[in-house]
Amino acid sequence: MSEIFGFVNLNGKNVDRAKLFKMHASLENFPADSCKSHVVRNAAMGFHQFCITPESRFENLPLYDKENGHLFTAAARLDNRDDLCDIFGISCSDRLCISDADLVYKAWKKWEVNCPERLFGDWSFAAWNGRTEQLTIARDHIGNTGLYYYYKAPLFVFASNMEAILVHPDVRRELNETQFSYFLVNHTQGDLKETLWKNVSSLLPAHVLTVDVKNTRLKRYWNFEDISENRCSGSECLETFLSLFRRAVAARLRSEKPVSSTLSAGLDSTFVTALAAQLVLKQRGKLFAYTYEPMSHPSLASFGLMPNEWNLAH
């Protein structure tokens, strides 16, 4: 995925570009097709682009909408592109060259803080409204993208990668001893929102945060427990499930590069790989599956077992 980063001086102070360049430099070890940034007075954003879909080649971020005073950046791979294109009246021919990030921006312009619940896939974004002096950051339903932030008024810093925040000259790299102690004792995180660094927080999945000079509002826009139950008969339920599952797998095969899968010893990854291999084969392609086999005696190894039993995956 691409990476996003930036910061806002909520007191209106102009951005020091050298601080933005430090954030940019911290991402140099990550693969990228390009890296751009944009500054508008007291707001600065950057985009570390890594193309993963055919449409991502048309990304031109950060996006500055001078007419509306918007500065916007996003890392996005959407699964409901067609639904959004229908809503926005985008023709079939134009859909080929509109990026997922452009669709996220259109959704934010239309629905503002309520837009995240209409975006399905892996995504995170940051949007600055220069007229209202308000910043919005949001993260996808499941949390497949990362998004961290530092807020100590009047400075708000955000990034997909925590290191990009920590290199900002005005962010103190101070250990969160409570979280660190909890991790050493339990080998897990205590408060999921907190990180190992003081004042650096993780925006949790399915959350949207808006901040301005006076207020901070954190909203959870989706909860798994709120999904309505679909009651149906056994055969009908199976057909509905398979239909939805095939659509979900197909949506995730949209890629700029060859597709592969990772296999565990469970049924979930095997089922996904089986459906993906069938769909890729229809496109005259090959699906490469990768797995891990613990070190054991050679006589117990099962090299080639997957390809021999099922020749669709390689």
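User: Which residues line the largest cavity?

Analyst: The model is a predicted one. In this model the largest cavity has a volume of about 50 Å³. By class, its lining divides into 6 nonpolar, 3 polar and 1 charged residues. The residues in question are M1, S2, F50, C51, I52, T53, S56, E59, A75 and A76.

User: Which strand supplies the largest share of the lining of the second largest cavity?

Analyst: About 30 Å³ of space lies in the second largest cavity, and its lining consists of S34, C35, K36, F47, Q49, E59, N60 and L61. The largest share, 3 residues, comes from β2.

User: How many residues of the lining of the second largest cavity are charged?

Analyst: The lining includes K36 and E59, and Lys and Glu both count as charged. The division by class gives 3 nonpolar and 3 polar residues, and the charged residues number 2.

User: Which helix supplies the largest share of the lining of the largest pocket?

Analyst: The largest pocket has a volume of about 1,500 Å³. Of its 42 lining residues, the closest to its centre are D79, R247, A248, V249 and R252. At least two lining residues each come from α2 (81–87), β6 (121–129), α7 (234–251), β13 (260–263) and α8 (267–282). The largest share, 10 residues, is supplied by α7.

Note on methods: Residues are numbered from 1 along each chain as its sequence is written. This is a predicted model: local features need pLDDT of at least 70, side-chain atom pairs count only at pLDDT 80 or more; totals for chains, interfaces and linings use all residues. Side-chain values use heavy atoms; hydrogens and water are left out. On a 1 Å grid over the protein atoms alone, a cavity is a set of points where a 1.4 Å probe fits but cannot get out, and a pocket is an open set with protein on both sides within 12 Å along at least five of seven lines; lining residues have an atom within 4 Å of a point. Grid points are joined across faces, edges and corners, and a volume is the space filled by probe spheres set on the points. Helices (H or I, at least four residues) and strands (E, at least two) are DSSP runs, numbered from the N terminus.
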